[in-house]
Each structure stands twice: as structure tokens, then as C-alpha cells.
Amino acid sequence: MTAPATAAPSLASPARAAGTTRLAGGGPARRRQPRSLVEGWFRGHTALVYVFLYLPIVVVIVFSFNGTNRLVTDWQGFSIKWYQAALADRNIQQALWNSVTIAAWNAVLATTFGTMAALGLQRVAPRVRSFFDALTYVSVIIPEIVIALATLILFSNVRDVVNPVLAGLQAGAAKPVHLQLGQWSVIAAHVLFNLSLVLLLVRARLAGMDRTHVEASYDLYATPWRTFRQITFPQLLPAIVAGFLLSFTFSLDDYVITQFVSGPGSQTLPLFIFGQTRLGVTPLTNAIAALMLLFTLTVLLGGQLFLARHARRRGGGRDETMAGLIVS
Amino acid sequence: MTAAGEVATSAGRRQAERQAGRRARLLTGALLVPASFWYLVLLVLPLVIVGVYSFGVRGPDGGYQPALTFDNYAVVATRFGPFWLSLAMAAAGTALCAVLAFPLAYFIATRATRRKTLLIILLVIPFWTSFLIRTIAWVTILGPRGVAGFLSDLTGTEVQLLGTPGAILLGIVYNYLPLMIFPLYVTLERLDRTLLEASKDLGAGRWATFRQITLPIVLPGVITGSILVFIPLMGEYVIPAILGYGKVFLIGNVLQLDFLVSRNWPAGAAKAVVLIAIMLVSISFYLWFMNRGRRTRDVSVL
């Protein structure tokens, strides 16, 4: 575990300086008593962990501007040529498009189905609910790679059953259609993983919701649909948005499930990046990575701003921002 | 709906209510249909098929051929190395995460007054950015022109970091640390500070206060964090594939080889079944062990 500490001075001194200045200004309130050794250690430890967490991100961004044509660590001056190369590459464009399509479909489906299930589960007998809970936990507890291989087996079985039928139906057709792994199978497998996530987030929100508003709404003769639209949905919105964004970024970043169930023509950006690193990390990889970081951060920031505005408009004092939702 | 009996109801009203009840049930069903479909068809059914496959044999050109044999499990028993390595890595990674996360979570929860939100957001950002990219970055950092090169120059001998279990452990801790910090932070945040002061007033030292007050209170957070870290670790594939340089094999890598490279699906299915069994046993044991410790402590307090 000494590696990050030794790496810090040589590779990421800007990050370290930023980290320490950020944390060192401990505030005048604490100046009265002399800092003990333990306090200092807490401070130092915290600063080092932040350096540890940000070091790779800084390295990726810095070396993506490397003008070298050879080794990624051979610094040959600042250049944005790798960004131009990344943006002009046909394979990268295709992979990015596949990634975004899959992530968007996955996020929409998982959020819709997860929210629906969370609402439905409020209305069923406890026995049904605990059965559903068990399935939710199974889907969360089982390692991703097991889900990946199990869905691969399922899809290949489906393919083996469906394709002979399809072939029989289109006997003599000039261009017979047949089922093969592709975007649909990746989306279906991703939705399974994210559905549970959204379900858990929305249910937690439902459990903490103020029932009196709903009752008041019914007392005022609002229809169930109107009560849902005007009372329940706005209260659930932060959890739904967080679930959507989590699903989207999960899918955008996923390698394991995608590798197992993707087919020809559905290569995603993570698969492309992973394939590239087989030949060694290049500045091109770093440029793609930096662009992807930028993209995720924009999505995250957008969600954060949306939730902050939502919270302000509703006047709620609770921490409804992304960080608050994830931490709780 | 029980009020229906008390109110003098006409037959028409009763029927209207029955209709409303049926509509409500229909709506409930409709709300649950997609999730149920996904769980049954994409979770339960595939797992059942994996179980069936684990007793089969490899087809002539890969895949599966029906059979009833225990050979696949016998092979797992003779080549248990990756399982042990995964268990050891997962246990070590979880413990290291806990050790690193605790002081940090404690600092944010109790010391960082106004900067709390900023520090939390700074923790969330790496967690949200690409897992794959951040792991690949370590290849550059640990590589022969990074830390390994530096150490080689320093010691005068060839130092290799990539491809060692240490590098994988580093990647594991790096990626899963936030999952440990968040639940710890939540429990520490709720920690009642007056208890600490009371303990201090009663003459307890720092260590005694920590052991007798703080630790029992944060235990649920430690348990949650450990499970959150341990589960994905047991099936970890990406980190050993990138930082292990194909030299270190965890179960995840073996499963990937079985399924996508040698296409021996029954062998892989048997390993997957064993992996699930190991995880169920170890998590149950862990929960039992932690809760047992807590109960005896409660008794001693009483």
C-alpha cells in the first residue's frame, strides 16, 4: 500500500498540493487547542486517501495531452492531436454510439420497470413482497460475472430454439433474418442488473415518504392518478433521477456483462478501450478515457444541478442532491 | 373495504366496489409484470440452466452436451487454487478497505465542519467515473516507467509490480474504497457525540472510548460496507485482467476463460455454482460471526 504514497510526489504533485491546501485550512474554530498527534494523523490520512483516489484520474488527463507517437509516458510536449484522432476514428464513433444507445435504453427501461415495481410492491400481500425482495437481493448479491455467463447461456439457448423456426418460416427468402447476440441482449442483461438498483432506491424513498400528503389529496377528492402525478411522483423524483443516472453510467462503463453477451456489431466503448490496452496503453486510449470522464462528469453535474433545483423549488431542507442520495 | 359491511350497501354499490377492487388488482399486477418477467426469465431461469449445465459435458465444438456427470465438480475440487486466491484477495481487500476507510469516514463525519459536502462530492466523483479507465491508469502508474521503474533505479534490481497479486490488491482497494467509506460515514454521522463526552467524563481514555462506544455503534456500517465490497470482489474480473497481466488468475478470470476462450461451458457452470455456494456460506458465516459478537457484548453490558 506504499505505492500511492511514493508515486504521489513524482507524478501528481499538483494534485497533492491542491489536496493539502484544501484540507490544511482547518478553520479558526479549531485553533484554540493544540492539535494532537491523532488529529494530525486523521488529517494526513484523509489527504493521502484523496490523493490516492485522484492520482489515476490526473494521470489519464495529463498523459492524454502527450504529443508523443510512441510510449505513453514519453513526454514530448503538449498536444491535442490524440483528441482529434479519437474524434475522427470511425471505430470509436461507432463504439460510442453503441454505448450511448445501450445505456439510454437500459436507463429508460430499468428506471420505468424499477419504479413501477416499487409502486406495485406497496399494494401486494407481504408474502408476495418478500418473494420479490428475495429475488431483488439475489440479483444484487450474485457476482456480475455469474449473471453475465448465465444470461449468455440463456440467450444462446433462445437463439438455438428460435433460429430453426425462423429459418423454416423464411425458407427460400433471399436474405433470411436470424437472431444473433447484439444490442438487444446487452440491454436485456443490463436492465436486470439496474432494475434492482432502481427498485431499491425508489422503495427507500417510498418508505421515507410523508403519507399525510397522499391522504390529504384523497380527502380533497383527487383521483388516484392525480394524486400520483401531483404528490407521489414529485416526492419520488430525486430517487428516480438518481436511479436513471446510476443505470446510465453503469451501462456506459460496463465491461463484464457486455463482453459476454455482445455480438458482432455491438462493440461498446469499454470493449474498445479494453481491446486497445491489450497492446499497451497509448495516448489515444487516454484521450478516449478523458473524453469519457468529461462525459460522465457532465451527466453527473447535470443530475446534481437538477436535483438541487428540484429541492430548492420544493423548499425541502433535506440533502436531496446526488451525493446525499448515494450516501444514504 | 371493511367499511363496506357497516354501511348499508345496495347490491349495485357492492358490485361497483368489487369492480374497483378488481381494477386495483389489475393495476398492481400490471405494475409488477415487467420486473417479474425480468427476474424470472433473466435471473431465475438462467441460474437454473447453469445448474443443469454443470452436470453436462463439453460439446464437440464447444458449448454444452446433455449428460449426467459429476466430473466438472471433481475438476473444481482438484483445481481449487483460483478459489483460494479469490477468497484471500477478497478478504484482504475488504480488510484493507475497512482500515483505510475508517479514519477517513471518521474525519469527514466529525472533523470536517463546513467542507463536509465538498469532501463527500469529491468521493462520489471517482466512484461515478469509469471503473475501467481508472484501473487502466494504474498500468501507467505502476508500469516500468512509473513506480516500478523508480523502484528499480532505487534498488538497482529489476522490480516488477504489474502481474503481481500486490498490484491487483492495490487496484481492488482503489476501486472499492468508496463502497466502504459511504456506509461507515453514514453510521458515524449519526453517532451521538454526547456518548463520547460521557465516556470521557467517566475517565475513559481515547482507546477505551473508541473500543467501547464508537466501534459497537459503527459495526452495522462495517458489516454493510464489508458485504458491499466483498460481493463484487469475489467475482472480480476486470482488475486482475488488467493489472494481473494474465499472470494472476482469480475465479472471474477462470470463468471468462472457460466460457469465452475454451468454450467449455459445463466446466465453467460448475465453477459458477461453487462460487455462489462459497459466497453464500462465507456471507452467512460473516453475518453470524459479527452478530454473535454483538449479542454477547449486549449481555455483558446488561
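Helix α12 of chain B, residues 251-261, is largely enclosed by the rest of the structure in this predicted model, because eight of its 11 residues are buried. The buried residues are Ile251(B), Gly252(B), Asn253(B), Val254(B), Leu255(B), Gln256(B), Asp258(B) and Phe259(B). Just after α12(B) comes Arg263(B), with a positive phi of about 50°. Arg263(B) is not a glycine. Most residues other than glycine have a negative phi. Arg263(B) sits in the loop between α12 and α13 (265-301) of chain B. Arg263(B) has 16 C-beta neighbours inside 10 Å, so it counts as partly exposed.

A positive phi also occurs in chain A. Tyr221(A), a residue other than glycine, has a phi near 65°. Tyr221(A) belongs to the loop between α9 (211-219) and α10 (224-253) of chain A. Tyr221(A) is exposed, because 7 other C-beta atoms lie within 10 Å and the cut-off for exposed is 12 or fewer.

Helix α6 of chain B, residues 131-142, is mostly covered. In α6(B), 12 of 12 residues are buried. They run from Phe131(B) to Leu142(B), and include Arg134(B), Thr135(B), Trp138(B) and Thr140(B). The length of α6(B) was also checked. At 1.5 Å a residue, its 12 residues should span 16 Å, and the end C-alpha atoms are 17 Å apart, which agrees.

Ala67(B) gives a contrasting case. This residue lies in the loop between α2 and α3 (71-78) of chain B. Ala67(B) is exposed, with 12 other C-beta atoms within 10 Å. Beyond its neighbours within four places in sequence, Ala67(B) is in contact with Phe55(B), Gly56(B) and Val57(B). Ala67(B) and Phe55(B) are 12 residues apart in sequence, and their C-alpha atoms are 6.4 Å apart in space.

Chain A contains 14 helices and zero strands. Of its 328 residues, 40% count as buried.

Two packed helices are described by the angle between their axes and the distance between the axes. The axes of α7(A), residues 144-169, and α2(B), residues 11-53, come within 8 Å and cross at roughly 90°. The two helices are therefore roughly perpendicular to each other. From α7(A), the contact uses Ala150(A), Thr151(A), Ile153(A), Leu154(A) and Asn157(A). From α2(B), it uses Leu42(B), Leu45(B), Pro46(B), Leu47(B), Ile49(B), Val50(B) and Tyr53(B). By class, this contact has 10 nonpolar, two polar and no charged residues.

The largest nonpolar core has 157 residues. Leu149(A), Ala101(B) and Ile181(B) have the most contacts inside it. Apart from its neighbours within four places in sequence, Leu149(A) is in contact with Phe260(A), and with Leu255(B), Phe259(B), Gly268(B) and Ala272(B) in chain B.

Definitions and conventions. Residues are numbered from 1 along each chain as its sequence is written. Chains are lettered from A and ligands numbered from 1 in the order in which they are written. This is a predicted model: local features need pLDDT of at least 70, side-chain atom pairs count only at pLDDT 80 or more; totals for chains, interfaces and linings use all residues. Axes are lines fitted to C-alpha atoms, for helices over the stretch in contact, and angles run from 0 to 180 degrees between N-to-C directions. Helices (H or I, at least four residues) and strands (E, at least two) are DSSP runs, numbered from the N terminus. Angles under 35 degrees count as roughly parallel, over 145 as roughly antiparallel, 65 to 115 as roughly perpendicular and the rest as oblique. Two residues are in contact if their C-beta atoms, placed from the backbone, lie within 7 Å. Ala, Val, Leu, Ile, Met, Phe, Trp, Tyr, Cys and Pro count as nonpolar, Asp, Glu, Lys and Arg as charged, and the others, Gly among them, as polar. A nonpolar core is a set of buried Ala, Val, Leu, Ile, Met, Phe, Trp, Tyr and Cys residues joined through C-beta atoms within 7 Å. A residue is buried if 20 or more other C-beta atoms lie within 10 Å of its own, exposed if 12 or fewer, and partly exposed in between; C-beta atoms are placed from the backbone. The expected span of a helix is 1.5 Å times one less than its number of residues.
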